[in-house]
Amino acid sequence: MLPLKVNDDLTIALLKDSDAEAFYNLIASNRDRLDPWMMWSARVQTIEDAHALIERSRTRFEANNGFHAGMWYQGQLAGGFAIREIDR
């Protein structure tokens, strides 16, 4: 399923611990737009918080109960999305 190469420019993949700094920077630079809509973004105040969110996401993915994924545009993390609680 993931990673998924959408086209030559766009890839979707699970976030890895090594993505934490880029993930944090993306959140920090877009905080004004994210925080009103995304409950989780306000809790990511440090790179360590980003590491923790990625770890929780991995745990959810391994339990088959949702995940956060990143979207890489031309090799750079450009955004993401979350799938919460998978009801089977």
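Tutor: Happy to, keeping in mind that this is a predicted model. Let's start with the residues that touch. From H1, Ala20, Glu21, Phe23 and Tyr24 make contact with Ile47, Ala50, His51, Leu53 and Ile54 of H3. Sorted by class, the residues of this contact comprise 7 nonpolar, 1 polar and 1 charged.

Now for the geometry behind that contact. H1 covers residues 20-29 and H3 covers residues 47-62; the two pack at an angle of about 110 degrees, and their axes lie 8 Å apart. Angles of 65 to 115 degrees count as roughly perpendicular, and H1 and H3 are therefore roughly perpendicular to each other. The handedness of their crossing is right-handed.

H1 also leads us to the pocket. The largest pocket has a volume of about 300 Å³. Its lining is made up of 19 residues, and those closest to the pocket centre are Leu34, Trp40, Gly79, Gly80 and Phe81. Two or more lining residues come from each of H1, strand S3 (66-73) and strand S4 (76-84). S4 provides the largest share of the lining, with 7 residues. In terms of class, the lining of this pocket holds 13 nonpolar, 5 polar and 1 charged residues.

Terms used. Residues numbered from 1 in each chain as written. Predicted model: local features only at pLDDT ≥ 70, side-chain atom pairs only at ≥ 80, totals over all residues. Heavy atoms only, no water. Axes fitted to C-alpha atoms, helices over the stretch in contact; angles between N-to-C directions. Helix = DSSP H or I, 4+ residues; strand = E, 2+ residues; numbered from the N terminus. Parallel < 35°, antiparallel > 145°, perpendicular 65-115°, else oblique. Left-handed = near helix turned anticlockwise from the far one by under 90°. Contact = heavy atoms within 4.5 Å. Nonpolar A, V, L, I, M, F, W, Y, C, P; charged D, E, K, R; others polar. 1 Å grid on protein atoms, 1.4 Å probe; cavity = no way out; pocket = protein on both sides within 12 Å on 5 of 7 lines; lining within 4 Å. Points joined across faces, edges and corners; volume = space filled by probe spheres on them.
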